[in-house]
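The following note sets out numbered points on the model shown below. Please read each point alongside the coordinates.

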Amino acid sequence: MTSQHLGYSGIIERMKEAGKLKNESAAARVLSVTPQALSNYKKRDRMPSHLVIKFASIYGLSVDWLLTGNAAYRIAEEGSVFRSRAMEDAACITSSFMLPS
């Protein structure tokens, strides 16, 4: 299975901003990759999607925001419970299929 690749420059800048990281080497440490690996992604202007997802999950960020900068920054505020629209829809569908007791 191959990862879908996404543009590098905007993503790494948003990662550094959100993680309050000073440089790309700090981002590499967070992502558990070498600085050389990030350098190779930069040269190709490609960021593997699995790294975007990993970073988003570490910092509780919206993947959409990391990719585009246009969506909501954080998935949920610290200490709050996140329920996505998809989760709410799934709960409604599930409850409609429950058998009466």
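1. In this predicted model, α1 and α4 pack at an angle of about 15°, with their axes 11 Å apart. The two helices are therefore roughly parallel to each other, a label given to angles under 35 degrees, with over 145 being roughly antiparallel, 65 to 115 roughly perpendicular and the rest oblique. Axes are lines fitted to C-alpha atoms, for helices over the stretch in contact, and angles run from 0 to 180 degrees between N-to-C directions. α1 passes α4 in a left-handed crossing (near helix turned anticlockwise from the far one by less than a right angle; clockwise gives right-handed). Ile11, Met15, Ala18 and Gly19 of α1 meet Leu51, Val52, Phe55 and Tyr59 of α4, where contact means heavy atoms within 4.5 Å.

2. Residues are numbered from 1 along each chain as its sequence is written. Because the model is predicted, local features need pLDDT of at least 70 and side-chain atom pairs count only at pLDDT 80 or more, whereas totals for chains, interfaces and linings use all residues; side-chain values use heavy atoms, with hydrogens and water left out.

3. α2 and α3 pack at an angle of about 110°, and their axes are 8 Å apart. That makes α2 roughly perpendicular to α3. Their crossing is right-handed. Glu24, Ser25, Ala27, Ala28 and Leu31 in α2 meet Pro35, Leu38 and Lys42 in α3.

4. The overall inventory is six helices and two strands, taken as DSSP runs numbered from the N terminus (helices H or I, at least four residues; strands E, at least two). From the N terminus on, the order is β-α-α-α-β-α-α-α. Among contacts between residues at least 6 apart in sequence, 52% join residues at least 24 apart.

5. Which residues have the most contacts inside the largest nonpolar core? They are Ile12, Met15, Leu38, Met47, Phe55, Leu61 and Leu66, in a core of 21 residues. Such a core is a set of buried Ala, Val, Leu, Ile, Met, Phe, Trp, Tyr and Cys residues joined through side-chain atoms within 4.5 Å. The elements giving two or more residues to this core are α1 (9-19), α2 (24-31), α3 (35-44), α4 (49-59) and α5 (63-68). Leaving aside its neighbours within four places in sequence, Ile12 is in contact with Glu24, Ala27, Leu38 and Met47.

6. Buried residues make up 30% of the 101 residues (buried is under 20% relative accessible area, exposed over 50%, partly exposed in between; 1.4 Å probe, protein chains only). In α1, the buried residues are Ile11, Ile12, Arg14, Met15, Lys16, Ala18 and Gly19.

7. Lys20, in the loop between α1 and α2, has a positive phi of about 50° although it is not a glycine; Lys20 is exposed, with a relative accessible area of 75%. Asp45, in the loop between α3 and β2 (47-48), has a positive phi of about 55° and is likewise not a glycine. At 40% relative accessibility, Asp45 counts as partly exposed. Most residues other than glycine have a negative phi.

8. On confidence, the mean pLDDT (the predictor's confidence in each residue, from 0 to 100) is 77, and 67% of residues reach 70 or more. Confidence is lowest in helix α6 (residues 85-96), at a mean of 42, and highest in α2, at 97. Over residues 79-101 the pLDDT is below 50, and this stretch has five contacts in the model beyond near neighbours in sequence. Where pLDDT is low, the predicted coordinates should not be read in detail.
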